[in-house]
Amino acid sequence: MTRWGMAIDLDRCTGCEACVVACAAENNIQTVGEEQAREGRAMHWLRIERYYEGEFPNVRTRFMPVLCQQCGAAPCEPVCPVYATYHNPEGLNAMVYSRCIGTRFCANNCPYTVRVFNWFDAEFPAPLDSQLNPDVSVRPGGVMEKCTFCVQRIQAGKDEAAQEDREVMDGDVKTACQQSCPTKAIAFGDLEDPDSEVSRWAESPRAFSLLGDLDTRPGVVYLSGTEWREPAE
């Protein structure tokens, strides 16, 4: 059984936000503008959190990409009154946009605040409509949105493997954020495959889960940064 998962090495992440841009382009995420962002209505499915280590003046900035954690025990799923969000057999916290009625119960119950409410009908006036990804729907206003590990790419990888009469191999599927990362800080693949890159990263002694004490069993694993040491005098 496949369980799709992701590992992110915080030692490699530079906070460049190439992953954020790639995610928006891949998934037809609209840009709402500065005023709406100030109202908390930004639409990004992936954000870069920033935190600091050390004591002033020897402070080191760390960056953490935060996206849907694809929880094995997702708090968002049981509160949806129309079962628009559910856990599929491959470990993805999936979304049925046509079923969502926008109650936002799922967003209120998500400890990672990675779900966004679509306040507006998306507008992509020409020629911007030419940039849309035909493999991804353009969601209407009034529904919840979030990362789905580029499920369209997962399906494409499975289809290609089926055409070649073989199993999906490690590396066949790359998410948009993984593909765009200049420092190769993101690994993606089958967590159930002990030989996959993401599985090896997940077994690292540096591996941890975000808010792991909540027992949501995330499908995203982070590798902590190496210990901060003050520069020698």
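Reader: Which residue in E10 does Phe208 stand opposite?
Author: This is a predicted model, so let's take the strands as the model draws them. E9 covers 207–208, and E10 covers residues 220–223. Looking across from Phe208 into E10, you land on Tyr222.

Reader: In what sense do E9 and E10 pair, and over how many bridges?
Author: E9 and E10 run side by side in the order E8-E1-E10-E9. Their pairing is antiparallel, and the count of bridges is two.

Reader: On to the pockets. Which helix and which strand each supply at least two residues of the lining of the largest pocket?
Author: That pocket holds about 360 Å³ of space. Its lining has 19 residues, with Gly40, Ala42, Thr113, Arg115 and Val116 nearest the centre. By class, ten are nonpolar, four polar and five charged. The two elements you want are helix H3 (105–109) and strand E6 (116–117).

Reader: And which element gives the largest share of the lining of the second largest pocket?
Author: This one has a volume of about 300 Å³, and 21 residues line it, including Met95 and Gln152 among those nearest its centre. Strand E5 (93–95) and helix H4 (151–163) each supply at least two lining residues. The largest share is five residues, and it comes from H4.

Note on methods:
Residues are numbered from 1 along each chain as its sequence is written. This is a predicted model: local features need pLDDT of at least 70, side-chain atom pairs count only at pLDDT 80 or more; totals for chains, interfaces and linings use all residues. Side-chain values use heavy atoms; hydrogens and water are left out. Two strands pair if DSSP finds at least two bridges between them. Helices (H or I, at least four residues) and strands (E, at least two) are DSSP runs, numbered from the N terminus. On a 1 Å grid over the protein atoms alone, a cavity is a set of points where a 1.4 Å probe fits but cannot get out, and a pocket is an open set with protein on both sides within 12 Å along at least five of seven lines; lining residues have an atom within 4 Å of a point. Grid points are joined across faces, edges and corners, and a volume is the space filled by probe spheres set on the points. Ala, Val, Leu, Ile, Met, Phe, Trp, Tyr, Cys and Pro count as nonpolar, Asp, Glu, Lys and Arg as charged, and the others, Gly among them, as polar.
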